[in-house]
Amino acid sequence: MLDLYKLHAFVVVVEERNITHAANRLFIQQPPLTRLLKKLEEELSTQLLIRQPRGIEPTEAGLALFKEAQLLLEHARHITKLVQDVSQGKTGQLN
């Protein structure tokens, strides 16, 4: 099963098109981010990114993952907000 943290990191890398900038945005070092991306590619058994001298380009598979990961991460944020609202009595049923 895919890890939300890995998906979030992947989305940030694709948005930044640069591993160093993405690492800074994620508040981690570049080597752990590179290992995380390699592990994600291994888990999916496909290349997701093309490393070029001037940055990163997603492959077709990478673009597909990027789009789906964005939707999944947005849904995860919604779930978190929903659960918090219910626990605080902002949402739910009155009996």
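**How the terms apply to this model**

Strand β1 (residues 49-52) and strand β2 (residues 55-58) run antiparallel and are joined by 4 bridges. This is a predicted model, in which local features need pLDDT of at least 70 and side-chain atom pairs count only at pLDDT 80 or more, while totals for chains, interfaces and linings use all residues. Residues are numbered from 1 along each chain as its sequence is written, and side-chain values use heavy atoms, with hydrogens and water left out.

Me: What makes β1 and β2 a pair of strands?
Reply: Two strands pair if DSSP finds at least two bridges between them, and β1 and β2 have 4 bridges, so they count as paired. Within this pairing L49 stands opposite P58 in β2, and a hairpin of 2 residues joins β1 to β2. Strands here are DSSP runs (E, at least two residues), as helices are (H or I, at least four), and both are numbered from the N terminus.

Me: Why is F66 called buried?
Reply: Buried means under 20% relative accessible area, exposed over 50%, and partly exposed in between, with a 1.4 Å probe and protein chains only; F66 has 14% relative accessibility and therefore counts as buried. The residue lies in helix α4 (residues 60-87).

Me: Which residues does F66 touch, not counting residues up to four places away in sequence?
Reply: F66 touches F10, V11, V14 and E15, where contact means heavy atoms within 4.5 Å. The C-alpha atoms of F66 and V11 are separated by 5.8 Å, although the two residues are 55 residues apart along the chain.

Me: Why is K6 called buried?
Reply: K6, which is placed in helix α1, has 12% relative accessibility and therefore counts as buried.

Me: What makes a polar contact with the side chain of K6?
Reply: The side chain of E43 does, at 2.3 Å. A polar contact is a pair of N or O atoms within 3.5 Å; within protein, one must be able to donate a hydrogen and the other to accept it, and residues adjacent in sequence count only if both atoms are side-chain atoms. Among the residues that K6 touches, not counting residues up to four places away in sequence, are L36, K39 and L40.

Me: Why are the buried residues of α2 said to line one face of the helix?
Reply: The buried residues of helix α2 (residues 19-26) are I19, A22, A23 and L26. Seen down the axis of α2, they fall within an arc of 100°, so they line one face; the arc is that of the directions from the helix axis to the C-beta atoms. What covers them includes α1 (4-16), α3 (30-44) and β2.
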